[in-house]
Amino acid sequence: MLLSNYGALPIVLAGLILAGILACTMSTSDSQLLAAASSVSHNLLNDCFGLNLSKKASMIMARATVLIIAVIAVFLARNPDSSVFRIVSFAWAGFGATFGPVMLFALFWRRSNRNGRLPD
């Protein structure tokens with residue numbers, strides 16, 4: 001109602017901005033789903049567990065991974081008490097705490113080498 005008092009142009013602009021935000025969100029989420037699916041089907045099952053899956057079995061595992069992650073995401077989104085922002089902020093805090101010092105040392109310390117950033 002507030003936007004309609006100013007004419008059609010603000011309504012159209014608001015719709016375009018919201019459509020852009022939703023498009024960015026959907027693009028990011030489908031990229032994350034595909035990355036997780038390929039990571040599970042290729043890296044985890046083949047490299048870690050040593051399972052030699054055929055292309056068809058690998059595709060089935062990737063699809064199952066996408067389905068499982070999507071169900072978990074819907075479950076988290078349906079809970080009105082959960083805060084996705086809080087969960088994501090913890091993930092980024094862990095990411096920053098893990099790779100931040102390594103990147104800073106690599107950029108600003110001449111004696112930084114490969115062995116200094118590998119875990120024991």
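Phe 105 comes out as partly exposed, because its relative accessibility is 48% (buried is under 20% relative accessible area, exposed over 50%, and partly exposed in between, with a 1.4 Å probe and protein chains only). Trp 109, at 44%, counts as partly exposed too. This is a predicted model, where local features need pLDDT of at least 70, side-chain atom pairs count only at pLDDT 80 or more, and totals for chains, interfaces and linings use all residues. Residues are numbered from 1 along each chain as its sequence is written, and side-chain values use heavy atoms, with hydrogens and water left out.

On to the rings. There are 3 aromatic pairs in the structure (rings of Phe, Tyr and Trp, the last by its six-membered ring, pair if their centres lie within 6.5 Å; planes under 30 degrees apart are stacked, over 60 edge-to-face, and the rest tilted). In one of them, Phe 95 and Phe 99 have ring centres 5.1 Å apart and planes at 55°, so the pair is tilted. Both sit in helix H3, 4 residues apart, or about one turn of the helix (helices, H or I of at least four residues, and strands, E of at least two, are DSSP runs numbered from the N terminus). Phe 95 is partly exposed at 45% relative accessibility, and Phe 99 is partly exposed at 44%. Phe 105 and Trp 109 also make a tilted pair, as their ring centres are 5.6 Å apart and their planes lie at 55°. Ring pairs tie Trp 92, Phe 95 and Phe 99 together as a cluster.

Now for H2. This helix runs to 24 residues and spans 34 Å from first C-alpha to last, close to the 34 Å expected at 1.5 Å a residue (the expected span being 1.5 Å times one less than the number of residues). Its buried residues are Ser 58, Ala 62 and Thr 65, and these pack against H1 (contact means heavy atoms within 4.5 Å).

H2 turns up again at the largest pocket, where it gives the largest share of the lining, 6 residues. H1 (8-48), H2 (55-78) and H3 (84-108) each supply at least two lining residues. A pocket here is an open set of points on a 1 Å grid over the protein atoms alone, where a 1.4 Å probe fits, with protein on both sides within 12 Å along at least five of seven lines; lining residues have an atom within 4 Å of a point. The pocket's volume is about 540 Å³, taken as the space filled by probe spheres set on points joined across faces, edges and corners. Of its 15 lining residues, Gln 32, Ile 69, Ala 73, Val 84 and Val 88 lie nearest the centre. The lining has 13 nonpolar residues, 2 polar and no charged (Ala, Val, Leu, Ile, Met, Phe, Trp, Tyr, Cys and Pro are nonpolar, Asp, Glu, Lys and Arg charged, and the others, Gly among them, polar).
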